[in-house]
Amino acid sequence: MKFYEQPEDLYLALFEVVQMSGVFADSKTFVDCIPKRDANTILTDFYRALKQKDFDLLTFIKQNFIIPKENDEIIMDMPKGISLEERLKIQWQYLTNEADEEVEGSSLIPLPNPYIVPGGRFQEIYYWDSYFTMLGLKASGRVDLIESMVENFAHLIRTVGHIPNGNRTYFLSRSQPPYFAKMVELLADAKGDKDIIKKYLTEIWVEYLFWIEGETEIPLPGKYYKRVVRMDDDTALNRYWDDENTPRAESYVEDIELSDQSRRYPEKLFRNIRAACESGWDFSSRWLYDPMDLKSVQTIALIPIDLNVLLSETERIIIESMELYGEDEQVIARMKNFRKNRIEGIERYCWEQDRGIFLDYHIKFKEKVDRPSLAMLYPLWANTATPSQAKRVLDYVEYHFLRDGGLVTTEINSGQQWDAPNGWAPLQWIGFQAMLNYGREDMAKTLAERWTKLNESVFERTGKMMEKYNVEDLSLEAGGGEYPVQDGFGWTNGVYLAMKEWLRENG
């Protein structure tokens with residue numbers, strides 16, 4: 001397993017001085033810079049330069065690093081008079097990074113094959129984004145890119161033991177929602193070749209073991225280790241986590257400032273902030289004790305619906321593969337039992353009978369968390385909900401979450417980007433599939449029409465596909481978050497193309 005150094009360990013005082021100086025508006029800029037020389041030499045020269053009266057920090061950085069280009073410097077040449085669908089299919093080439101070369105001192109973890117980046121400030125691969133990007137690549141006939149991205153993720157599993165948040169050294173301590181097995185299944189379907197799953201079964205297993213690390217070592221109910229929680233009935237469920245408890249390198253100033261405003265132990269605050277980043281929902285009232293206060297973040301105290309459903313899908317794919325390729329019956333039976341216990345655990349701890357919805361569960365308070373969100377759709381997306389549960393969830397979603405522009409993430413307007421009034425492409429797809437799975441094609445069609453129409457209207461107004469959208473007031477852009485609204489945008493393009501293909505075939 002390869003060892004990669006973090007920016008704060010490589011550049012020590014230079015890292016902290018740059019991040020706290022405000023010389024860059026975005027904390028991510030410096031940690032994405034590419035060094036022109038050896039890190040130790042740069043650091044030695046920095047200590048020497050500091051003693052000079054005319055020392056200028058930005059000049060020093062420009063002399064010693066290649067600063068990432070702003071996204072608006074990338075000009076896309078497009079034929080005139082083409083549809084948005086055609087434009088997005090062409091645009092994949094502008095969001096494609098070719099195979100990386102390793103640069104000593106860079107935070108980029110090199111990947112051996114081409115891959116799609118989201119766009120904007122995000123010029124590296126992101127884990128869960130990529131699944132939804134792949135949906136659009138499939139609709140575009142770019143199975144070659146799906147295959148190279150799956151191989152890149154398999155490479156990361158072989159190299160670092162799991163799939164990090166993204167291919168940056170500062171992301172290594174956490175992952176993101178585990179979609180790898182679903183990506184492999186998508187690739188197998190796109191190629192019409194079930195043996196694809198066999199090819200990557202070892203990597204699927206290794207990633208699964210990353211998520212359940214410590215499961216066999218937690219002897220008592222109510223105990224937990226990293227991402228695994230032993231519930232009171234002895235069921236093992238999962239939570240989001242991060243192996244580090246320090247400020248995020250890519251959001252250093254934001255984390256330091258938040259900690260300065262808080263009375264909490266910094267280590268606890270930072271761990272919970274980082275765990276929320278592993279969820280992909282960074283940030284949302286879903287993770288907050290006080291829905292209006294980010295300082296009250298409590299991610300590691302929660303059993304999330306979506307994470308456990310995703311792991312049940314990984315278990316399903318492993319089981320089906322073992323049955324197909326003749327694994328030992330006892331091993332298959334044990335895995336089936338593990339998955340059965342997980343699905344029953346989701347229902348036992350996360351199903352709220354009164355409202356007929358799934359909610360996250362609080363480990364310490366031993367109660368469901370009253371933060372309804374689109375995560376309730378995941379059991380329907382995976383076909384693990386009963387028909388009666390699905391009907392109640394979809395009725396609730398239709399009444400509480402369906403807006404003129406699509407599905408709103410939560411009903412709470414907290415100022416966080418994974419809350420009202422914002423809608424996000426991946427959750428539109430989860431909802432869309434959930435509706436189709438349980439016979440609500442009418443609702444799925446309405447959702448697809450509203451979401452794609454919103455994408456189109458914003459594109460007509462701005463010339464851009466956005467990371468997120470305001471689904472409540474269609475005249476306004478989305479807001480919230482630690483950075484400006486990004487354009488590009490991989491997963492939005494992917495879901496748009498997949499939905500338009502479905503609408504065309506089912507119109």
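**Sheets and a pocket, worked through**

Strand β6 (residues 228-230) pairs with β7 in the antiparallel sense, over three bridges. Keep that pairing in mind for the exercises below; the model is a predicted one.

**Exercise 1.** Find how many bridges join β8 to strand β11, and which residue I303 stands opposite.

*Solution.* Here too, begin with the order: three strands make an open, antiparallel sheet, β8-β11-β12. The edge strands, β8 (302-303) and β12 (367-368), each pair on one side only. Now count: two bridges join β8 to β11 (residues 361-362), and these strands run antiparallel. Finally, I303 stands opposite Y361 in β11.

**Exercise 2.** Describe the second largest pocket: its space, its lining and the helix that gives the most to that lining.

*Solution.* First, the space: the second largest pocket holds about 490 Å³. Then the lining: there are 23 residues, and those closest to the centre are Y4, Q6, T169, L172 and E244. By class, the lining residues divide into 11 nonpolar, four polar and eight charged. Last, the helix: α1 (residues 7-21) gives the most to the lining, with five residues.

Key. Residues are numbered from 1 along each chain as its sequence is written. This is a predicted model: local features need pLDDT of at least 70, side-chain atom pairs count only at pLDDT 80 or more; totals for chains, interfaces and linings use all residues. Side-chain values use heavy atoms; hydrogens and water are left out. On a 1 Å grid over the protein atoms alone, a cavity is a set of points where a 1.4 Å probe fits but cannot get out, and a pocket is an open set with protein on both sides within 12 Å along at least five of seven lines; lining residues have an atom within 4 Å of a point. Grid points are joined across faces, edges and corners, and a volume is the space filled by probe spheres set on the points. Helices (H or I, at least four residues) and strands (E, at least two) are DSSP runs, numbered from the N terminus. Ala, Val, Leu, Ile, Met, Phe, Trp, Tyr, Cys and Pro count as nonpolar, Asp, Glu, Lys and Arg as charged, and the others, Gly among them, as polar. Two strands pair if DSSP finds at least two bridges between them.
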